[in-house]
Amino acid sequence: MPVTLKDVENIAMLAKLRFTQEEKERLISQLSRILSYFEKLNELDTTDVEPTSHVLPIKNVFRDDVVTGSLPRDQILANAPDQWMGYFKVPKVIE
Amino acid sequence: MDYETVIGLEVHAQLATRSKIFCGCSTQFGEEPNAQGCPVCLGMPGVLPVLNRMAVEFAIRMALATGCEIASRCRFARKNYFYPDLPKGYQISQYEEPLATGGHIVIEMDGKKKRIGITRIHLEEDAGKLVHSEDSGLTDESLFDVNRCGVPLIEIVSEPDMRSVEEARLYCLKLRQIMRYLGINSGDMEKGAMRFEANVSLRPRGSTRYGTRVEVKNLNSFRAVLRSLEYEVQRQTKILQGGGSIQQETMGWDDVREVTFPQRGKEYAHDYRYFPEPDLVPVDIDRKWIEKVKSELPELPTARKRRFISQYGIPAYDAEVLTTEREIADYYEEALQVGADPKAVSNWVMGDVLRELKARGVSPAEFNISPKHLAELVNLVSDGTISGKIAKTVFEEMVKTGGHPREIVEVKGLIQITDTGAIEQVVEEVLSENPEEVERYRGGKTKLLGFFVGEVMKKTKGKANPRLVNEILRNKLG
């Protein structure tokens with residue numbers, strides 16, 4: 001499946017990444033190679049095989065509805081590039 | 001041309017669990033910002049979310065209450081998008097394999113019932129809160145609070161079955177009522193307990209094809225749902241009548257200016273690249289679990305209303321008002337258990353009790369008058385101990401002090417005078433003090449009877465039995 005420049009730009013936009021023209025070219029060929037590998041896998045007949053969403057054959061892992069506590073606030077904010085009055089400062093999103 | 005409105009709604013409802021959906025942080029509303037966070041809900045690398053069983057159970061309750069088919073197996077999926085209120089860069093939701101599908105609820109408009117289809121109900125996590133504070137003096141930044149991040153939600157998606165704004169309003173109210181009965185959602189709109197997204201389109205009346213629809217997001221109150229739908233219907237009607245066509249787009253709602261506005265396409269690229277959440281294992285809900293939840297379901301509003309009408313013989317209107325909220329219905333039934341006239345108790349609850357609850361902003365459980373005391377008050381009237389008018393005074397006293405009705409009546413000496421001799425004496429007094437009025441009454445001004453009754457009541461401080469007063473007055477004057 002050929003990957004186009006438009007595909008790369010769209011994926012980059014969704015991932016909020018910026019690439020130079022050169023990088024985009026390289027990604028086109030790399031992504032194409034990955035996809036053609038999956039094409040190869042597609043040749044297998046998987047008619048009776050359930051799609052794998054989880055590698056372990058387990059189900060219904062739950063926790064009880066019990067409050068076990070949170071981190072202290074200074075730890076919550078420890079990685080914040082910037083903060084104000086106990087809040088994370090984040091880029092403004094204009095709606 | 002005449003257009004028909006077509007509305008579908010997506011309702012996000014917070015589940016009233018104590019802890020978050022995938023971690024043990026508290027869901028308590030109103031804490032300090034960023035007081036309820038942990039590595040899981042902060043989206044730290046290498047952590048493992050574990051599903052809250054109660055959240056699943058609450059979703060099963062709603063699925064059962066709306067007649068949905070519950071999937072024997074459901075899974076979680078990642079919905080990928082970047083937004084500053086989403087630390088992980090994805091929201092854990094359900095996509096191809098939701099918890100429940102294909103149900104309905106019934107709304108009632110002008111006495112006519114209508115089914116609104118429920119397409120699906122799925123579980124997901126809430127995002128955090130963004131604050132745009134003017135105090136902060138920040139112009140290029142917003143503030144983020146993680147507390148709400150990971151609070152369990154159900155998303156309830158309806159079929160495009162609503163044909164008017166009023167139907168949409170009734171649908172939202174019905175959902176809220178059912179969820180409150182089920183004890184799975186606080187219904188507290190100010191605290192964001194329910195949020196809405198609406199799909200609105202118009203089509204020529206009689207047409208069976210749907211028109212191009214517009215999606216309106218960010219509706220955080222019933223008022224916003226109503227106003228935005230009204231606005232959209234008007235906007236689209238104008239465009240269509242002017243010969244234009246509707247563009248399929250996502251709109252925001254401006255609560256202050258009360259207008260919808262197009263959201264920038266780029267921020268809302270509908271390309272979420274869903275894939276199965278590898279951190280969570282599938283959820284199998286077997287018959288046994290469903291039967292257990294079903295056996296614990298409370299009686300739902302519609303069934304309760306029907307029972308109130310047949311069991312207590314009260315009018316449909318009363319039953320509707322009394323069952324609107326579960327706590328009120330419980331209060332009413334507890335009062336009846338003492339043994340009091342159902343219609344008389346209904347009148348008190350619908351009138352004085354609801355008014356006082358609202359004025360005081362308290363729940364029936366916090367109310368100063370217990371259901372038992374209300375029933376006793378009602379019985380004091382029906383057995384003639386006090387008059388209906390005095391009962392209002394006693395009620396006021398009970399609201400203030402939480403006192404027992406019979407004690408209040410005794411201490412304040414409010415017992416009704418039913419002694420004919422005593423009333424006759426007062427009537428004699430009143431008649432001799434007002435000879436002119438007596439003259440006029442006998443001359444045909446029979447409307448003056450009310451005046452005499454009032455005078456007698458004044459002298460007895462409202463304690464005379466009104467029926468006897470009327471009887472005796474008529475005799476003496478006639």
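This is a short tour of the interface between chain A and chain B, and then of a sheet in chain B.

The model is predicted: local features need pLDDT of at least 70, side-chain atom pairs count only at pLDDT 80 or more, and totals for chains, interfaces and linings use all residues. Residues are numbered from 1 along each chain as its sequence is written, chains are lettered from A in the order in which they are written, and side-chain values use heavy atoms, with hydrogens and water left out.

**Stop 1: the interface**

Select chain A and chain B. Here 39 residues of chain A are in contact with 63 residues of chain B (heavy atoms within 4.5 Å). The buried area is about 4,300 Å², and carbon and sulfur atoms give 57% of it. Buried area is the accessible area (1.4 Å probe) that two parts lose on being put together, summed over both.

Now pick A:Phe62, A:Arg63 and A:Asp65. They supply 17% of the area that chain A buries against chain B, more than any other three residues.

**Stop 2**

Select B:Glu32 and A:Arg73. Their side chains form a salt bridge, 3.1 Å from N to O. A salt bridge is a side-chain nitrogen of Lys or Arg within 4 Å of a carboxyl oxygen of Asp or Glu. The two chains share five salt bridges.

**Stop 3: the chain A side**

Color helix H1 (5-14), strand E1 (62-63), helix H3 (73-76) and strand E3 (87-91) of chain A. Each supplies at least two residues of the side that touches chain B. Helices (H or I, at least four residues) and strands (E, at least two) are DSSP runs, numbered from the N terminus. E3(A) gives the largest share, five residues.

**Stop 4: strands across the interface**

Go to E1(A) and strand E2 (residues 51-52) of chain B. Two bridges join them, and they run parallel. A:Arg63 has B:Asn52 as its bridge partner.

**Stop 5: the chain B sheet**

The open sheet has nine strands, in the order E3-E7-E8-E11-E1-E12-E13-E14-E15 (chain B), with mixed pairing. Two strands pair if DSSP finds at least two bridges between them. Strand E3 (69-70) and strand E15 (259-262) of chain B are the edges, each pairing on one side only.

Zoom in on strand E14 (residues 249-254) of chain B. E14(B) and E15(B) pair in the antiparallel sense over four bridges. Within this pairing, B:Gly252 has B:Phe261 as its bridge partner.

**Stop 6: a helix on the sheet**

Last, select helix H3 (residues 222-241) of chain B. H3(B) lies across E1, E12, strand E13 (214-219), E14 and E15 of chain B, at about 20° to E12(B). Axes are lines fitted to C-alpha atoms, for helices over the stretch in contact, and angles run from 0 to 180 degrees between N-to-C directions.
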